[in-house]
Amino acid sequence: MTTTVRIPAGWPATEERARAAQDELRGRVVLDEPGPPPGTGRVTGVDVAYDDERDVVVAAAVVLDAATLDVVAESTAVGQVSFPYVPGLLAFRELPAVMAALEALPCAPGLVVCDGYGLAHPRRFGLASHLGVLTGFPTIGVAKNPFTFAHEEPGAPRGSSSPLLAGEEEVGRALRTQAGIKPVFVSVGHRVTLENACAHTLHLAPRFRLPETTRHADALCRRALKTTTA
């Protein structure tokens with residue numbers, strides 16, 4: 001199912017208002033809930049793709065059965081880009097489309113896995129945290145690079161990890177999902193512990209570096225972008 005993105009009322013349109021919104025919402029992040037056990041219920045990947053020439057954004061949400069990793073539902077949302085690209089404020093560019101795709105699903109998403117960051121963010125409020133606070137869903141971020149944070153290389157075996165650090169503060173983990181392959185970078189979004197976020201990520205990546213949630217959502221939004229006439 002494809003839906004049209006509508007920008008929420010009062011959505012920030014300037015950098016100043018976006019940073020103020022981050023400051024206001026950051027205090028609502030829940031860090032003391034473990035989150036759903038890996039391999040149970042449903043888990044949903046979300047991702048976005050852009051056509052910069054037309055200022056079009058497409059978001060995809062793909063729901064997997066957490067036990068089997070089979071796809072059980074999917075949706076896309078298409079709209080106009082509503083916020084400029086500003087490092088640290090990517091959520092304001094992507095979230096209207098992501099939330100529209102989630103709302104179009106025929107079932108509850110369960111845990112939502114974002115291709116990006118949660119607490120591993122300069123203002124400790126990346127897209128995964130922002131999405132979790134706005135929707136109430138448990139969320140995690142699984143990113144392809146460490147952003148601006150430091151880490152030591154994890155051990156070579158699958159499951160090895162090392163802290164992702166902002167000074168002395170652990171904001172996430174570098175996690176080896178496949179032996180000998182470069183790690184992914186996991187951070188808490190909302191209503192999930194870091195240990196559980198890493199366990200989910202490993203469960204969702206049985207064969208490849210990236211979680212199956214991200215792989216399916218990435219493929220779907222790219223296919224949708226090619227066919228959209230927005």
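Trainee: How many bridges join strand β8 to β9?
Mentor: In this predicted model, three bridges join strand β8, residues 169-175, to β9, and the two run antiparallel.

Trainee: Which residue in β9 is the bridge partner of Arg173?
Mentor: The partner of Arg173 is Val186.

Trainee: Is β9 largely enclosed or open, and why?
Mentor: Strand β9 is largely enclosed by the rest of the structure, because seven of its seven residues are buried.

Trainee: Turning to the annotations, which residues does UniProt list for "binding site"?
Mentor: The UniProt record, an unreviewed entry, lists Asp47 and Asp115. They are spread over 69 residues of sequence, yet they cluster in space, with a largest C-alpha distance of 6.1 Å. The lining of the largest pocket includes Asp47 and Asp115.

Trainee: Where does Asp47 lie?
Mentor: Asp47 lies in strand β2, which covers residues 42-51.

Trainee: Is Asp47 buried or exposed, and why?
Mentor: Asp47 has a relative accessible area of 8%, and buried means under 20%, so Asp47 counts as buried. Leaving aside residues up to four places away in sequence, Asp47 touches Val58, Ala59, Ala60, Asp115, Ala217, Asp218 and Cys221.

Trainee: And where does Asp115 lie?
Mentor: Asp115 lies in the loop between β5, residues 111-114, and α3, residues 127-135. With a relative accessible area of 25%, Asp115 is partly exposed.

Trainee: Which residues does Asp115 touch?
Mentor: Not counting residues up to four places away in sequence, Asp115 touches Val46, Asp47, Val142, Lys144 and Thr214. The side chains of Asp115 and Lys144 are also joined by a polar contact of 2.8 Å.

Trainee: Now to the helix α3: why is it described as largely enclosed?
Mentor: Seven of the nine residues of α3 are buried, so the rest of the structure largely encloses this helix.

Trainee: Which residues of α3 are buried?
Mentor: They are Leu127, Ala128, Ser129, His130, Leu131, Gly132 and Val133.

Trainee: What do the buried residues of α3 pack against?
Mentor: They pack against the helices α1 (15-26) and α2 (90-103), and also against β2, β5, β6 (139-143) and β9 (184-190).

Trainee: Lastly, which residue follows α3?
Mentor: Helix α3 is followed by Gly136, and the phi of Gly136 is positive, near 85°.

Terms used
Residues numbered from 1 in each chain as written. Predicted model: local features only at pLDDT ≥ 70, side-chain atom pairs only at ≥ 80, totals over all residues. Heavy atoms only, no water. UniProt positions renumbered as here; feature names shortened; annotations may be inferred. 1 Å grid on protein atoms, 1.4 Å probe; cavity = no way out; pocket = protein on both sides within 12 Å on 5 of 7 lines; lining within 4 Å. Helix = DSSP H or I, 4+ residues; strand = E, 2+ residues; numbered from the N terminus. Buried < 20%, exposed > 50% of the residue type's maximum accessible area, 1.4 Å probe, protein only. Contact = heavy atoms within 4.5 Å. Polar contact = N/O pair within 3.5 Å; in protein donor to acceptor, adjacent residues only side chain to side chain. Pairing = 2+ DSSP bridges.
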